Amino acid sequence: GRNCFRTVKNNRDYLRANQSASWLYLSRLSALKEYAFMKALHEKGFPTPTPVDVNRHCVLMSLAHGYQLNSIAELRHPGRVFDTLMQLICKLAGVGLIHCDFNEFNLLVDDEERVTMIDFPQMVSTSHINAQYYFDRDVECVRAFFARRFHFHPDAVPTLQQALAMAGDGSARAALDVE
């Protein structure tokens with residue numbers, strides 16, 4: 001509610017500089033943006049819940065199966081899940097987007113270790129002035145979490161330049177395998 005949107009003007013690109021709006025209006029903009037991104041990503045085959053509709057500040061979507069990554073104590077194949085997450089970050093960059101909040105709270109993993117992404121209103125374009133920072137932060141959030149929780153340390157992580165280059169020739173999968 002209101003508390004969540006007190007600083008949203010500073011953290012998200014919803015309004016132009018020197019523009020103001022109520023928290024309720026900003027909440028509606030957030031829901032509209034989340035629905036639009038979820039719909040576009042779902043149509044492109046990304047693992048998201050199925051978007052159904054949006055009204056006011058609420059998004060209606062299918063049930064998302066799985067558990068938040070932060071609530072999972074152990075994975076059978078942490079390297080494979082990590083690889084899937086890095087591929088998703090790169091695939092997003094390949095369609096011109098950076099999640100900007102790709103972390104253990106916005107990633108669901110089911111019993112078969114399939115991943116579902118959620119929480120899209122903060123996404124930005126790869127041409128955004130801070131794209132490099134946001135991409136690196138998303139990668140580092142996942143890397144640090146896997147090191148801390150699952151004691152998994154990848155040999156390498158992708159850069160935005162690698163993700164954009166791989167998107168051009170379709171070889172993103174080969175460059176990110178960790179097992």
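**Exercise 1.** Describe the secondary structure of the chain and its order along the sequence.

Solution. Start with the totals: the chain has 6 helices and 7 strands. Then read along the sequence, where the pattern is α-α-β-β-β-α-β-β-β-β-α-α-α.

**Exercise 2.** State how confident the prediction is, for the chain and for residues 170–179.

Solution. The average pLDDT of the chain is 87, and 82% of the residues score at least 70. Next take residues 170–179: their pLDDT stays under 50. For this stretch the model has 19 contacts beyond four places in sequence.

**Exercise 3.** Locate Asp138 and work out whether it has or lacks a salt bridge.

Solution. Asp138 lies in helix H4, which covers residues 131–150. The residue is buried. The nearest side chain of opposite charge is Arg137, at 4.7 Å. A salt bridge requires a distance within 4 Å, so Asp138 has none.

**Exercise 4.** List what surrounds Asp138, leaving aside neighbours within four places in sequence.

Solution. The contacts of Asp138 are Ile89, Ile98, His99, Cys100, Asp101 and Phe102. Now look at Phe102: its backbone nitrogen is 3.2 Å from a polar atom of the Asp138 side chain.

Conventions. Residues numbered from 1 in each chain as written. Predicted model: local features only at pLDDT ≥ 70, side-chain atom pairs only at ≥ 80, totals over all residues. Heavy atoms only, no water. Helix = DSSP H or I, 4+ residues; strand = E, 2+ residues; numbered from the N terminus. Buried < 20%, exposed > 50% of the residue type's maximum accessible area, 1.4 Å probe, protein only. Lys, Arg positive; Asp, Glu negative; His and termini not counted. Polar contact = N/O pair within 3.5 Å; in protein donor to acceptor, adjacent residues only side chain to side chain. Contact = heavy atoms within 4.5 Å. pLDDT = per-residue confidence, 0-100.
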